[in-house]
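Colleague: Please put the model up. I would like to go through some of its contacts and helices.

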Amino acid sequence: MRIKDLREDNDVTQKELAEYLHVKQNTYSQYETGQRQLPIDTLIALAKFYGVSTDYILELTDNPKPYKK
């Protein structure tokens with residue numbers, strides 16, 4: 001997953017994202033390290049936060065642009 005790279009590229013801290021997602025910082029850290037699976041609703045929230053597609057976060061595409069509705 002690209003969530004750590006996206007966070008670092010956008011100069012956002014784990015704490016800031018954890019607050020945005022309403023989870024503890026430790027929980028978010030576990031998402032980044034793969035110790036905990038990323039829930040679908042959290043994946044969608046991160047895609048909206050960064051303005052990218054969920055497929056981009058999941059490394060299924062290298063095109064970061066979200067799909068048209």
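Modeller: Arg2 touches Tyr56, Ile57, Glu59, Thr61 and Asp62, leaving aside residues up to four places away in sequence; contact means heavy atoms within 4.5 Å. This is a predicted model, in which local features need pLDDT of at least 70 and side-chain atom pairs count only at pLDDT 80 or more, while totals for chains, interfaces and linings use all residues. Residues are numbered from 1 along each chain as its sequence is written, and side-chain values use heavy atoms, without hydrogens and water.

Colleague: Is Arg2 buried or exposed?

Modeller: Arg2 sits in the segment before α1. Buried means under 20% relative accessible area, exposed over 50%, and partly exposed in between (1.4 Å probe, protein chains only). Because its relative accessibility is 14%, Arg2 counts as buried.

Colleague: Which residue has its backbone oxygen 2.7 Å from a polar atom of the Arg2 side chain?

Modeller: A polar contact is a pair of N or O atoms within 3.5 Å; within protein, one must be able to donate a hydrogen and the other to accept it, and residues adjacent in sequence count only if both atoms are side-chain atoms. At 2.7 Å from a polar atom of the Arg2 side chain, the backbone oxygen is that of Tyr56.

Colleague: Where is Gln14, and is Gln14 buried or exposed?

Modeller: Gln14 is in helix α2, residues 14-21; helices are DSSP runs (H or I, at least four residues), numbered from the N terminus. Beyond residues up to four places away in sequence, Gln14 touches Arg7, Gln25, Tyr28, Ser29 and Glu32. Since its relative accessibility is 17%, Gln14 counts as buried.

Colleague: Why are the buried residues of α2 on the same side of the helix?

Modeller: The buried residues of α2 are Gln14, Leu17, Ala18 and Leu21. They are on the same side of α2 because they cover an arc of only 105 degrees around the axis, the arc being that of the directions from the helix axis to the C-beta atoms. In general, an α-helix has 3.6 residues a turn, so residues three or four places apart point the same way.

Colleague: Which exposed residues are on the face of α2 turned away from its buried side?

Modeller: The cover over the buried residues of α2 includes α1 (3-9), α3 (25-33) and α4 (40-50). On the face turned away from that buried side, the exposed residues are Lys15 and Glu19.

Colleague: Which residue follows α4 with a positive phi?

Modeller: The buried residues of α4 are Thr42, Leu43, Ala45, Leu46, Ala47 and Tyr50. After α4, phi is positive, near 70 degrees, at Gly51.

Definitions and conventions. Helix = DSSP H or I, 4+ residues; strand = E, 2+ residues; numbered from the N terminus.
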